[in-house]
Amino acid sequence: MAGHLIPHFQNDAGHSSIEVGVSEFMCCGANPPHDHPHVFLDMGDEAEIVCGYCSTLYRLNTTLKPNETNPAGCLFEERAA
């Protein structure tokens, strides 16, 4: 797949919170095979949201680009089979 219209984020390192540059995204939990169902999260008017599957707290940081995270490395990218 060439990429996602909606960014997908993962939390392999077990961070307590991840800052993202978008308010609508997908959470994958961790990279396969330790992922959970890829769920759509929408912060709406809020500045943070918790994933109901993995309990990762996502915080909106508008200084980040849509494909950036803080800490770095939490963007999910599908690997070729």
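Mentor: We may begin with a single residue, bearing in mind that this is a predicted model. Asparagine 31 is placed in the loop between β3 (24-29) and β4 (39-42).

Trainee: Is asparagine 31 buried or exposed?

Mentor: The cut-off for buried is under 20% relative accessible area. Asparagine 31 has 9% relative accessibility and therefore counts as buried.

Trainee: With which side chain does the side chain of asparagine 31 make a polar contact?

Mentor: The partner is the side chain of aspartate 12, at 2.4 Å. For contrast, consider glycine 52, which lies in the loop between β5 and β6. The cut-off for exposed is over 50%, and glycine 52 counts as exposed because its relative accessibility is 73%. The C-alpha atom of glycine 52 is separated by 9.5 Å from that of leucine 41, eleven residues away along the chain.

Trainee: Let us turn to the sheets. In what order do the three strands of the open sheet stand?

Mentor: To read a sheet, one takes the order of the strands, then the sense of each pairing. Here the order is β1-β3-β4, and the pairing is mixed. β1 and β4 each have a single partner strand and stand at the edges, so one side of each has no neighbour in the sheet. From one strand to the next, the twist averages 40°.

Trainee: What makes up the pairing in this sheet, strand by strand?

Mentor: β1 and β3 are parallel and pair over three bridges; phenylalanine 9 is found opposite cysteine 27 in β3. β3 and β4 run antiparallel and are joined by four bridges. In that pairing, phenylalanine 25 stands opposite leucine 41 in β4.

Trainee: Which residues of β4 belong to its covered face, and which to its uncovered face?

Mentor: Val39 and Leu41 form the covered face of β4, while Phe40 and Asp42 form the uncovered one. β2 can be read likewise: Ile18 and Val20 are on its covered face, Ser17 and Glu19 on its uncovered face.

Trainee: To which sheet does β2 belong?

Mentor: β2 belongs to an open sheet of four strands in the order β5-β6-β2-β7, again with mixed pairing. β5 (48-50) and β7 (69-70) are the edge strands, each pairing on one side only. β2 and β6 pair in the parallel sense through four bridges, whereas β2 and β7 run antiparallel and are joined by two. Valine 20 illustrates both pairings: leucine 60 stands opposite it in β6, and threonine 69 is its bridge partner in β7. Glutamate 19 has asparagine 70 as its bridge partner in β7.

Trainee: How many residues make up the largest nonpolar core?

Mentor: There are twelve: Phe9, Ile18, Val20, Val22, Phe25, Cys27, Val39, Leu41, Met43, Cys51, Tyr58 and Cys74. At least two residues of this core come from each of β2 (17-20), β3 and β4.

Trainee: What does phenylalanine 25 touch?

Mentor: Leaving aside residues up to four places away in sequence, phenylalanine 25 touches Ile6, Pro7, Phe9, Val20, Val39, Phe40, Leu41, Met43, Ile49 and Tyr58.

Trainee: How does one describe a pair of rings?

Mentor: One gives the distance of the ring centres and the angle of the planes. In the whole structure, a search finds three aromatic pairs. Phenylalanine 9 and phenylalanine 25 form an edge-to-face pair, 5.4 Å centre to centre with 65° between the planes. This pair links distant parts of the chain, since phenylalanine 9 is in strand β1 (residues 8-10) and phenylalanine 25 in strand β3, 16 residues apart. Phenylalanine 9 is buried because its relative accessible area is 0%.

Trainee: Why is the pair of phenylalanine 9 and tyrosine 58 called tilted?

Mentor: Their planes are at 40°, with the ring centres 6.4 Å apart, so the pair is tilted. Because phenylalanine 9 lies in strand β1 and tyrosine 58 in strand β6 (residues 57-60), the pair ties together parts 49 residues apart in sequence. Tyrosine 58 is buried, with a relative accessible area of 0%.

Trainee: Which residues form the aromatic cluster?

Mentor: Phe9, Phe25 and Tyr58 form one cluster.

Terms used: Residues numbered from 1 in each chain as written. Predicted model: local features only at pLDDT ≥ 70, side-chain atom pairs only at ≥ 80, totals over all residues. Heavy atoms only, no water. Buried < 20%, exposed > 50% of the residue type's maximum accessible area, 1.4 Å probe, protein only. Polar contact = N/O pair within 3.5 Å; in protein donor to acceptor, adjacent residues only side chain to side chain. Pairing = 2+ DSSP bridges. Core = buried A, V, L, I, M, F, W, Y, C linked by side-chain atoms within 4.5 Å. Contact = heavy atoms within 4.5 Å. Phe/Tyr/Trp six-rings, centres within 6.5 Å; stacked < 30°, edge-to-face > 60°. Axes fitted to C-alpha atoms, helices over the stretch in contact; angles between N-to-C directions.
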